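Trainee: I have a model open and would like to go through it with you. Could we start with how the helices pack?

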Amino acid sequence: MTSKRKSIKTAFSTGTGTGAFRPVLVTGASRGIGADTARAFARRGHPVVVTARDTEELKDVAASIQSSGGTAHVMPADLAGTAKAKRFVDKLLRAHPDLCCVVLNAGLAVHGPVVDRDPASFMDEFDVNYFAPVTIARFVAAHWQGQSSQAAAARRNSIIAVSSLTATVPFPGHANYGASKAALNQLLRNLRVELASSGSGQGIHVGIVLPGYTETAMTAELESLLPGSSPVFIAESVWDCFERRLDEVVPGLDNKVAAGLFRFFPSVSDKILKAGAGFLVPRPGKKSQA
Ligand SMILES: NC(=O)c1ccc[n+]([C@@H]2O[C@H](COP(=O)([O-])OP(=O)(O)OC[C@H]3O[C@@H](n4cnc5c(N)ncnc54)[C@H](OP(=O)(O)O)[C@@H]3O)[C@@H](O)[C@H]2O)c1
């Protein structure tokens, strides 16, 4: 009861001042963490704009939201690279100029050791994991900055990226993926400071969520001795990041410990990983060899 009351109060505080709930964009919302994140925001009263390439999957997610009393708008798009993301964000802001939050969740992971990888796949990951979210973030931030600074501050706008623990912790077989997420984190940390120190950017929250191994289609071909998080758990962390305007969230105690270990004792944790990578890190398993 208490948490429900808290959520409703917060959702109203992100409204227009008239009590209306403002729309939230979730990219990569056709399945996995993105679909559950869209449901989490819709459950709290926000209309959600769901995007990904697969229109049918998006329609299914939208139908599940609507059948629970929420509102969802389907806006399919391929978000691979700057040009496509720019076309999408223009269309988005024309249709939903009162947007209050973008959740930059769409992601691509290509598994494989660095030396075996097709070089073109390095750029594929950067297009989806770095260039597209950066493009959406900067044009949405500019849109909000174009509103009067006081109004923008009062409206509590939010940019949230679903990044990855692999941005900070080595994850053999996912080096370029982790590098693309690390680049995204660094860009957003700078954007956060730039916005906070500019009059018109104040009031724009920039949050980064860094999930560890999560059981979704992205990791379906991996085997792990350690259990993964559920996409619903990560979606609740994204909501928490939005609601409490947190800078960075590492969901789960195990992932917090791993992040802390690598941050404060990098040489020790490197040794542990080298010695134990075979069982500590999810890796291609029987499913992918079948
Ligand atoms: N699963 C994990 O262990 C894990 C851990 C840490 C972080 N993450 C991050 O969490 C986010 C969600 O991952 P997930 O595990 O839910 O993966 P997922 O089930 O594979 O979902 C990925 C989503 O991104 C969309 N997408 C991929 N390429 C796209 C493109 N070119 N244009 C537009 N949309 C595209 C996919 O939709 P379409 O294919 O229909 O386009 C799908 O909706 C990603 O950013 C991922 O890096 C995942």
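Trainee: Is the crossing of α2 and α3 left-handed or right-handed?

Mentor: The crossing of α2 and α3 is right-handed, where right-handed means that the near helix is turned clockwise from the far one by less than a right angle, and left-handed means anticlockwise. Before we go on, this is a predicted model, in which local features need pLDDT of at least 70, side-chain atom pairs count only at pLDDT 80 or more, and totals for chains, interfaces and linings use all residues. Residues are numbered from 1 along each chain as its sequence is written.

Trainee: At what angle do α2 and α3 pack?

Mentor: Helix α2 (residues 32–43) and helix α3 (residues 55–67) pack at an angle of about 25°, with their axes 10 Å apart. They are therefore roughly parallel to each other, a label for angles under 35 degrees. The axes are lines fitted to C-alpha atoms over the stretch in contact, and angles run from 0 to 180 degrees between N-to-C directions.

Trainee: And which residues meet there?

Mentor: From α2 they are A35, A38, R39 and A42, which meet V61, S64 and I65 of α3. Contact here means C-beta atoms, placed from the backbone, within 7 Å.

Trainee: Switching topic, how many residues does the largest nonpolar core have?

Mentor: That core has 68 residues, and those with the most contacts inside it include A38, V103 and V238. Its largest share, 11 residues, comes from helix α5 (residues 119–145). A nonpolar core is a set of buried Ala, Val, Leu, Ile, Met, Phe, Trp, Tyr and Cys residues joined through C-beta atoms within 7 Å, and buried means 20 or more other C-beta atoms within 10 Å, against 12 or fewer for exposed and partly exposed in between.

Trainee: What is V103 in contact with?

Mentor: Leaving aside its neighbours within four places in sequence, V103 is in contact with V24, L25, V26, T27, T37, I160, V162 and V238.

Trainee: One last thing, what is phi of R245 near?

Mentor: Phi of R245 is near 50°, a positive value in a residue other than glycine. R245 sits in the loop between α8 (231–243) and β8 (248–249), and with 14 other C-beta atoms within 10 Å it is partly exposed.

Definitions and conventions:
Helix = DSSP H or I, 4+ residues; strand = E, 2+ residues; numbered from the N terminus. Contact = placed C-beta atoms within 7 Å. Parallel < 35°, antiparallel > 145°, perpendicular 65-115°, else oblique.
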